[in-house]
Amino acid sequence: MRKITYDQAANEAIQEEFRKNPRCVHLSTDLAADLTEEFGTERVRVTPIAENSFVGTAIGLAGSGFRAVVNLRMATFGFVALDQIMNHAAKLTYMFGGQAKLPVLIRMTVGAGFSGGAQHSISPYSMFMNVPGLKILLPTTPYDVKGLLKTALVDPNPVISFEPFLLGRSEGEVPEEEYFLPFGKAAVRKRGSDVTVVALGRMAHVALEAAVELEGKISTEVIDPRTLVPLDRQAILRSVRKTGRLVVVDEACRTCSAASEIVALASSDRTTFARLKAAPARVCGLDVPIPFSPPLEKYVLPDRAKIVKAIRAVMRRPSA
Amino acid sequence: MQPDDKVLIELYTTMLTIRRFEERLVREVSAGNIPGFVHSYIGQEAIAAGVCRHLRRRDRIVSHHRGHGHCIAKGADLKRMMAEIYGKKTGYCKGKGGSMHIADFSVGMLGADGIVGAGLPISTGAAFAAQLEGKGDIAAVFFGDGACNEGEFHEALNLAGIWKLPLLFVCENNQYGVNTPAAYAMAAGEISRIPKAHNIPARVIFGNDVEEVYRAAGAAVAGIRKGEGPFFLECRTYRWHKHFLSQQLEDLRPAGELEEWKRKCPVAAMEKKLRNRGVLSPAKLRAIDEKIMRQVDAAHDFALSSPYPQPQDALHDVYSS
Ligand SMILES: Cc1ncc(C[n+]2csc(CCOP(=O)(O)OP(=O)(O)O)c2C)c(N)n1
Ligand SMILES: [Mg+2]
């Protein structure tokens, strides 16, 4: 099968849906060259650097019968648009009693590990998970980003796609034929029987490396949820009931994180709790802004060694 | 564009409908019958009536927390409005919105917005949609003087300016945001200087004279439909009640101001004109009022006799399917 990059795959999803649906509009502060060339400057608009108002514009377009795609670039810039995302995109459908369909796709990159410093590095998805009304994607492979964005582009709701910055140039197999991936369906990246590792974003790759490193000693199951809202709770619970051990890996800060939610999910489910052999563990970013200097940044982020250590630790703990 | 007699009667009827609807709410709120915050539009009726008379059903509007007048003027149904204000299942939002969030997408009313200034960027989206459709439709956005100090206001002006969006900005300058005078809160002094800085033509008008609003909005809308880009109307007016209807809330506006503005009542002024010009006899005027009162009563009866939503309905409409 052909291999393309994550960014190319994402772009293909948009191109395909823009070809099919003339009522799709693209907004971003940077020229989206391929899109502009094919679809023209009417539908592919470069915006002033005014995130709150062009996200609001996307919502107004969507409420007027169009479908809008907004590329905010980095999640830190997305914070400038929080009023429109949190108070409007997330709430208007509900507040208006279901009158308003709001098909808006908001894309932004997340993650750290490239010396971007605190204002260009963050993984804030759990903040958005706490505001009902948004669907939240966290695609980790070229295949997934294309299939999930394709689905987002026919969904009648606001969808946020958090795309790990460091995965943009990563390559993977993507079929030529059209396909869609459903929301709320986790991918099992590796089967295993001793411990379940739920890994988010770029950490899905790092956790897989850790699992491979432990192969032969510890049998690790690696689950990538792929979408956080909806979250494939059943896939996580099924795996933890089988292995009795859970490690959640995410580069977002630990406090009130998606990892916290996943640990709570497993430990508050009676059947799953009864089968736990060790306390669930989280391997997360430390609770500090992301520092610039490489040794500092490395220190605060999860990596393969930290994941291996956490897996070993849950294996050592005595049975409950 | 001078309104003819038929239009004058329509403008008057719209204003009086808003007035009677809002008066009923004042009564019901003070009797403790309505939950939540209700922002009264009394005193500002001429703006909604005069602007919306130029809008077609396909034109879209975005409104703000003080939005009942815009709903009525755009053709929303009084019954479903009242039911929403009472939190009933038959309301426009099935009881999930309330007074501050009434919307009727079927008449192009994209909703009242409770975040000051936030409707402005949504209206640039509605105007962008109209531009893409290319059928001569436009959008209009209503907002207060207080909203003009929000970043979203300035961003929306800029966006409308660079894209030449078919958008009518209607600033309802009632001179206060709660108790804070616009004169204190705004360095520009004159609001209309701000759109001009974005190359958007602007006019300041007396917002309590519905004929003046009608004429100014007519000229603005005609230009916008022709593709001349956005236009800004600053309408000077005054709110008669407290910021929202409440016994506790303080009104710190200077004594005497309200009495002065009550003498400039937009509804009474129009009634006088209609009478003096012989457009409507006292009997006809009374008949219009009685008809409106019956409609408001019917809306209120409808709201009271409508069921509340089921508690578990709270779980529906988070997402569209
Ligand atoms: C962003 C935001 N800040 C504060 C409020 C609280 N608030 C509601 S209306 C209002 C005053 C708005 O004044 P103006 O825009 O002049 O409208 P008016 O009430 O005078 O019609 C305030 C401060 C809010 N709803 N949203
Ligand atoms: Mg005001």
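Predicted model: local features only at pLDDT ≥ 70, side-chain atom pairs only at ≥ 80, totals over all residues.
The residues lining the largest cavity divide into eight nonpolar, three polar and one charged.

## Cavities

Searching the whole structure turns up three cavities of 30 Å³ or more. The largest cavity holds about 70 Å³ of space. Which residues line the largest cavity? From chain A come A:Ile59, A:Gly60, A:Gly63, A:Leu92, A:Phe96 and A:Leu102. From chain B come B:Val62, B:Phe105, B:Leu110, B:Gly111, B:Asp113 and B:Ile122. Two elements give two or more residues to this lining: helix H3 (51-63) of chain A and strand E2 (109-113) of chain B.

The second largest cavity has about 40 Å³ of space. Its lining includes A:Met74, A:Ala75 and A:Thr76. A:Thr109, A:Val110 and A:Gly111 also take part. So do A:Phe114, A:His120, A:Ser121, A:Ile122 and A:Phe165. Helix H4 (75-78) and strand E5 (104-110) of chain A each supply at least two of the lining residues. By class, the lining has six nonpolar, five polar and no charged residues.

## Pockets

The table sets out the volumes of the spaces.

| Space | Volume |
|---|---|
| Largest cavity | about 70 Å³ |
| Second largest cavity | about 40 Å³ |
| Largest pocket | about 690 Å³ |
| Second largest pocket | about 370 Å³ |

The largest pocket is lined by 25 residues. Nearest its centre lie A:Asp7, A:Asn71, A:Arg73, A:Arg107 and A:Thr109. A:Thr109 also lines the second largest cavity. Several elements of chain A each supply at least two residues to the lining of the largest pocket. The helices are H1 (6-20) and H2 (33-43). The strands are E2 (24-28), E4 (67-74), E5 and E7 (159-164). Which element gives the most to this lining? H1(A) does, with five residues. By class, the lining of the largest pocket has 12 nonpolar, six polar and seven charged residues.

The second largest pocket has about 370 Å³ of space. Its lining counts 33 residues. Closest to the centre are B:His65, B:Val116, B:Gly144, B:Gly146 and B:Ala147. Five elements of chain B each supply at least two residues to the lining: strand E1 (60-64), helix H5 (119-133), strand E3 (139-144), strand E5 (176-177) and helix H7 (182-185). The largest share, four residues, comes from E3(B). This lining divides into 13 nonpolar, 15 polar and five charged residues.

## The ligand

Where does ligand 1 sit? Ligand 1 sits in the second largest pocket. It is surrounded by 15 residues. The closest are B:His65, B:Arg66, B:Gly114, B:Gly146 and B:Tyr176. B:His65 and B:Gly146 are also among the residues closest to the centre of this pocket. The shell around ligand 1 has five nonpolar, seven polar and three charged residues.

A polar backbone atom of B:Gly146 is 2.7 Å from an oxygen atom of ligand 1. A polar backbone atom of B:Tyr176 is 2.8 Å from an oxygen atom of ligand 1. B:His243 uses its side chain instead: a polar atom there lies 3.5 Å from an oxygen atom of ligand 1. Taken alone, ligand 1 exposes 580 Å², and the protein buries 72% of that.

Most residues other than glycine have a negative phi, and most peptide bonds are trans.

A:Pro230 is in the loop between strand E12 (227-229) and helix H10 (233-243) of chain A.

A:Cys256 lies in the loop between strand E13 (246-253) and helix H11 (258-268) of chain A.

How values were computed
Residues numbered from 1 in each chain as written. Chains lettered and ligands numbered in written order. Heavy atoms only, no water. Near = heavy atom within 4 Å. Polar contact = N/O pair within 3.5 Å; in protein donor to acceptor, adjacent residues only side chain to side chain. Areas by Shrake-Rupley, 256 points an atom, 1.4 Å probe, with all protein chains shown as cover. 1 Å grid on protein atoms, 1.4 Å probe; cavity = no way out; pocket = protein on both sides within 12 Å on 5 of 7 lines; lining within 4 Å. Sits in = over half its atoms within 2 Å of the grid points. Nonpolar A, V, L, I, M, F, W, Y, C, P; charged D, E, K, R; others polar. Points joined across faces, edges and corners; volume = space filled by probe spheres on them.
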